[in-house]
Amino acid sequence: MQFTPEHEGIRRNVQKFIDAEINPHVDEWEEAGMFPAHELFKKMGELGYLGINKPVHYGGMGLDYSYELVFLETLGHIRCGGVPMAIGVQTDMATPALARFGSEELALEFLVPSIKGDYVACLGVSEVGAGSDVASIKTAARRDGGDYVINGGKMWTTSGTQADWMCLLANTSAGPVHRNKSLICLPMNAKGVHVARKLDKMGMRSSDTAQVFFEDVRVPQRYRIGKEGEGFTYQMLQFQEERLYAAAAGLIAKERMIEDTIAYTGQRRAFGRSILDNQVVHFRLAELKTEVEMLRALTYRAAELMVQGEDVTMLASMAKLKSGRLSREISDACLQYWGGMGFMNETAISRAYRDTRLGSIGGGADEIMLSIICKHMGILPGKRNK
Ligand SMILES: Cc1cc2nc3c(=O)[nH]c(=O)nc-3n(C[C@H](O)[C@H](O)[C@H](O)COP(=O)(O)OP(=O)(O)OC[C@H]3O[C@@H](n4cnc5c(N)ncnc54)[C@H](O)[C@@H]3O)c2cc1C
């Protein structure tokens, strides 16, 4: 991946923004179990950060994905996982399908204010009874005149208590499960949308996560993104950006765990020398740093091919899988070297340990990534190359 002075400009400016507008507040937001998404996104929208690779016509910068990659990687400087995750939902999880397949009218109504930072977006795919198995969702949008009437519910919705609209995946017919779904822009203030509760989580504490119910919610059919019945396919495409987000935004966060551990173990002494001076410790940290560089190379390669318009499903799944697993390995190894202080909520490594655990679960668990990779290798039973 070749970076230009423009890429480096984004990197520098986003880091400055994080240092001034985000990191000073992270501890307070983690404590509160929520960050002020509207306030923060408005500031980010004014600087263009919520639409780097979105069309200029809709208020975006119109740049290619390599610039978004740099933005996402720089989000790793935020000293928690919850805030970058919610930013990622806004830019790379809830809006790509709308930008790609939505009508002009729909984009003007939902995408433009999301890029400006006036609207907070959320993504409604997972349900109480369907997370990994997306095709088995039960939420239904039934046609009634020119409207859809929506019933059902969504679970673990990031930013769900603050969002203005949801990119909702719902069954719009009774046909085969991969052809009966549609993505719909659902205003969260529509009658019958109930945000039932804010969920209490072990990590990602500054991000609010909601359970939401829909009771005879009526929206016009023109709120559907693209064609009816194509929602599953659109969502699978949208997942590619979500998975690359996970890989890119985790790189610097992983390196920070290693750096923080070097700083702590370098000054902490036992048996007449620093903890860091034990070969088992500094060798392990060097090994982990090497792994991060390998993941960076894979992530950049996937991004580069994406810019060239290639299908990166397999590489994005590999990067997401490796990112989740490596986070667990680094956070566990590093926390160990912090000893008792690693177990204290006040330390950065303890927060990182809690936050990064989601990486192997959210946005498709490790096993789902492995299934996708197997499918592309032609070794998944039922889809096996004969
Ligand atoms: C903090 C947080 C934020 C989230 N934000 C959102 C959001 O904004 N929008 C949204 O739609 N969803 C969101 N999710 C949901 C998330 O994407 C799902 O939790 C995830 O996809 C896993 O689904 P599940 O929890 O139903 O796990 P299940 O499907 O119940 O699976 C449980 C476990 O079983 C294993 N497993 C599953 N299938 C297989 C298989 N085929 N082979 C082998 N093992 C398997 C995996 O280890 C998996 O972790 C969020 C979740 C969390 C915790």
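These legends go with several close-up views of a predicted model.

Residues are counted from 1 along each chain as its sequence is written, and side-chain values rest on heavy atoms, with hydrogens and water left out. Since this is a predicted model, local features need pLDDT of at least 70 and side-chain atom pairs count only at pLDDT 80 or more, while totals for chains, interfaces and linings use all residues.

**View 1. Helices α4 and α5 side by side.** Here α4 (residues 65–75) packs against α5 (residues 82–93) at an angle of about 165°, with the axes 10 Å apart. Helices are DSSP runs of H or I with at least four residues, strands are E runs of at least two, and both are numbered from the N terminus. Axes are lines fitted to C-alpha atoms, for helices over the stretch in contact, with angles from 0 to 180 degrees between N-to-C directions. That makes the pair roughly antiparallel (angles under 35 degrees are roughly parallel, over 145 roughly antiparallel, 65 to 115 roughly perpendicular, the rest oblique). On the α4 side you'll find Tyr65, Glu68, Phe71, Leu72 and Leu75, which meet Pro84, Ile87, Thr91 and Asp92 of α5; contact means heavy atoms within 4.5 Å. By type, the residues of this contact split into six nonpolar, one polar and two charged (nonpolar: Ala, Val, Leu, Ile, Met, Phe, Trp, Tyr, Cys and Pro; charged: Asp, Glu, Lys and Arg; polar: the others, Gly among them).

**View 2. Helix α3 across α5.** The angle between α3 (residues 37–46) and α5 is about 60°, and their axes are 12 Å apart. So α3 counts as oblique to α5. Leu40, Phe41 and Met44 of α3 meet Val83, Ala86, Ile87 and Gln90 of α5. The tally for this contact is six nonpolar, one polar and no charged.

**View 3. Phe41 and the nonpolar cores.** A nonpolar core is a set of buried Ala, Val, Leu, Ile, Met, Phe, Trp, Tyr and Cys residues joined through side-chain atoms within 4.5 Å. The largest one has 89 residues, and Ile22, Phe41, Phe71 and Ile87 have the most contacts inside it. A second, separate core of 22 residues includes Leu326, Ile330, Leu335 and Trp338. Back at Phe41, and skipping residues up to four places away in sequence, the partners are Phe35, Leu50, Ala86, Ile87, Gln90, Lys116, Gly117 and Val120.

**View 4. His7 in its helix.** His7 sits in α1 (residues 5–22) and counts as buried, at 3% relative accessibility. Buried means under 20% relative accessible area, exposed over 50%, and partly exposed in between (1.4 Å probe, protein chains only). Beyond its neighbours within four places in sequence, His7 is in contact with Gln2, Ser66, Tyr67 and Val70.

**View 5. Phe213 on a strand.** Phe213 belongs to β7 and is partly exposed, at 39% relative accessibility. Val193 is 20 residues away along the chain, yet the two C-alpha atoms are separated by 6.0 Å. Leaving out residues up to four places away in sequence, Phe213 touches Gly152, Gly153, Gly192, Val193, His194 and Ala196.

View 6. Most residues other than glycine have a negative phi. Trp156, in strand β3 (residues 147–158), has a phi near 60° and is partly exposed at 48% relative accessibility. Met204 has a phi near 50°; it lies in the loop between β6 (193–198) and β7 (209–220) and is buried, with a relative accessible area of 11%.
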